[in-house]
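Subject: Structure for you to look at

Hello,

Here is the structure I promised to pass on. Please open it alongside these notes.

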Amino acid sequence: MAKINQDQAHFYLLKINSLLGLVPIGVFLAFHLGINSLRTVGPLQYQWSIDLINNMPFLFGIEVVFIYLPLLLHSLMGFYIYFSGKRNVVHYGYPRNWLYTLQRITGVLIFGFLIYHLGTTVVPKLFYGKHQFLAAPFLMDVMNAEFQTWTGRIIYLIGISAATFHFANGLWGFCVSWGIIIGRNAQRNASVVFAMVGLVLTVLGFATVLEFSLDPVPVTPTVGG
Amino acid sequence: MSQETIKLKIKRQDNPRSKSYWQEFEIPYQPLSNVISCLQDIQKSPVAANDLGVDPVIWDCSCLEEVCGSCTMLINGRVRQACTALVDQIEKPIVLEPMSKFPVIRDLMVDRNRMFRALKKVKAWVDIDGSQDLGEGPIMSDHIRATRYTLSECMTCGCCLEACPQYTKDNSFLGAAAFSQVRLFNLHPTGAMNADERLEEVMGKGGIADCGNAQACVEACPKNIPLTDSIADISRQTSLKLLKDLLLK
Ligand code: HEM
Ligand code: SF4
Ligand code: SF4
Ligand code: FES
């Protein structure tokens, strides 16, 4: 492969960043909210889904390579993009310009939320060594406690809305910036479709918060314990 | 005798390096006047509300019919052409400022050279005969001709860049107008022979990937050029080139 210059590196990094938002990060978000909403079916169903994940081989490696590193790169690039422009909706308040601005604001919100979210879940899980079947009861206790206060609920409602908006609007941006949708009609129709995707994901997330808030049941480990 | 007057508030700057300051002017109202004619009236007797006998306000204009783009400025906070800003249709007092994305030369006159440099960078022309006659070019379909006609109406005025949140004084973003010109010349059957060269120029720092799809450009363009179609189209052309370069080269 030919050596790439700084100009090309800039372009490739932005392209890779755009791709990362969709796979793996966006796909992860959709699965994450979908799997969590199993809690609305029942605590056992939810527990089994956590059991499944926490008994996966190479779990930590998979998480680092497919979630944490892409997220870190996407966030760093996100901040770079954030500071490369100068928001101006005050003067040019067109709908798309609002969405552009919100895409950046929600990015920053998600970054803050993820630090909190990982800090209350994955970090203590690893710290206390709650692996395999021990993970589910531990994590569900954390979530039960989290959703007993309005502070916890509001943090999650904001974090979820920011993420689903950012993902849905990001899907649209992805399709435009890769040249998948070009014409004005195609762009408008796609924004309706992606708004629906965002709405569905938001509903899944909110339903999970509601279920945890109304019915905080503890569980015992499926095996051992 | 009380006469109807028009008040103007103008942001002034004496030279490219000096600080800007505001001055207010009051001129007699004339029916059917536009912002350029107001500036001409001020020039006749440059008297600011707080200062007698100031230097006349400097501005740029040429065609007076919205085809040259040289009179572009911020009128009541929004970028547009002064020659087609009719006094009867805009809010008063009229607030005039130079465009904020280009270096000010003096008062309302700015240096839009960055736009022309961008056109050179993306090779916004069709190469024609060199040392020998290359004969007739290929035929163009009427559909392409019509699309190109719309794109060719760009007057390099800078409205799209002034409104664009990604276009700032301290970055190297090429901006919507240049991307649209890449589309214009890549659509030309002879221009298409250099399509890859133009695409390469927008696949770097300040290129097409730096666009954040805020779509303020298309809203601000006085010529109704479908800039966002052009941006998405050039995005497609560069994506395909990226894949081709990675897989087939
Ligand atoms: C749950 C986490 C996240 C997901 C699912 C996600 C997803 C996406 C997607 C799909 C795009 C579209 C890429 C494109 O426009 O081509 C995008 C763009 C963007 N993301 Fe994220 N992102 C996440 C977190 C973040 C974070 C933490 C930041 C940090 C500030 C951020 C900042 C941005 C910015 C600024 C863009 C706009 C890029 C552009 O329009 O050119 N994102 N994101
Ligand atoms: S779509 Fe937005 S970021 Fe891109 S050129 Fe237009 S205004 Fe600028
Ligand atoms: S694309 Fe429109 S707004 Fe931009 S420079 Fe050309 S005419 Fe002006
Ligand atoms: S003077 Fe040419 S556009 Fe106004």
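B:D55 and B:R106 form a salt bridge, with their closest N and O atoms 3.5 Å apart. This pair ties together distant parts of the chain. B:D55 lies in the loop between α1 (35–44) and β3 (72–75) of chain B, and B:R106 sits in strand β6 (residues 104–106), 51 residues apart. B:D55 is partly exposed, at 47% relative accessible area. B:R106 is also partly exposed, at 28%. Keep in mind that this is a predicted model.

Across all chains, the structure holds 11 salt bridges. Side chains of opposite charge can pair when their charged atoms come close.

B:E201 and B:K123 meet through their side chains in a salt bridge, 3.7 Å from N to O. Again, distant parts of the chain are linked: the two residues are 78 apart. B:E201 belongs to helix α6 (residues 195–202) of chain B. B:K123 is in the loop between α2 (113–121) and α3 (142–152) of chain B. B:E201 counts as partly exposed because its relative accessibility is 22%, and buried would require under 20%. B:K123 has 23% relative accessibility, so B:K123 counts as partly exposed too.

Next comes a helix-to-helix pair: B:D233 in α8 (residues 227–247) and B:R183 in α5 (residues 176–187), both of chain B. These residues form a salt bridge whose closest N and O atoms are 3.9 Å apart. Are they buried or exposed? Both B:D233 and B:R183 are buried.

Chain B also has a salt-bridge network. Its members are B:E200, B:K241, B:D245 and B:K249.

Now to chain A. A nonpolar patch lies on the surface there, formed by A:W98, A:L102, A:I105, A:L109, A:W150, A:I154 and A:I158. Together these residues have about 680 Å² of accessible area. Two elements of chain A each give two or more residues to the patch: α4 (95–120) and α7 (150–177). Which one gives the largest share? That is α4(A), with 4 residues.

A:L109 has a relative accessible area of 41%, so it is partly exposed.

Best wishes

How values were computed
Residues numbered from 1 in each chain as written. Chains lettered and ligands numbered in written order. Predicted model: local features only at pLDDT ≥ 70, side-chain atom pairs only at ≥ 80, totals over all residues. Heavy atoms only, no water. Patch = residues over 30% accessible without salt bridge, like charges linked within 9 Å, V, L, I, M, F, W, Y side chains within 5 Å. Areas by Shrake-Rupley, 256 points an atom, 1.4 Å probe, with all protein chains shown as cover. Salt bridge = Lys/Arg side-chain N within 4 Å of Asp/Glu carboxyl O. Buried < 20%, exposed > 50% of the residue type's maximum accessible area, 1.4 Å probe, protein only.
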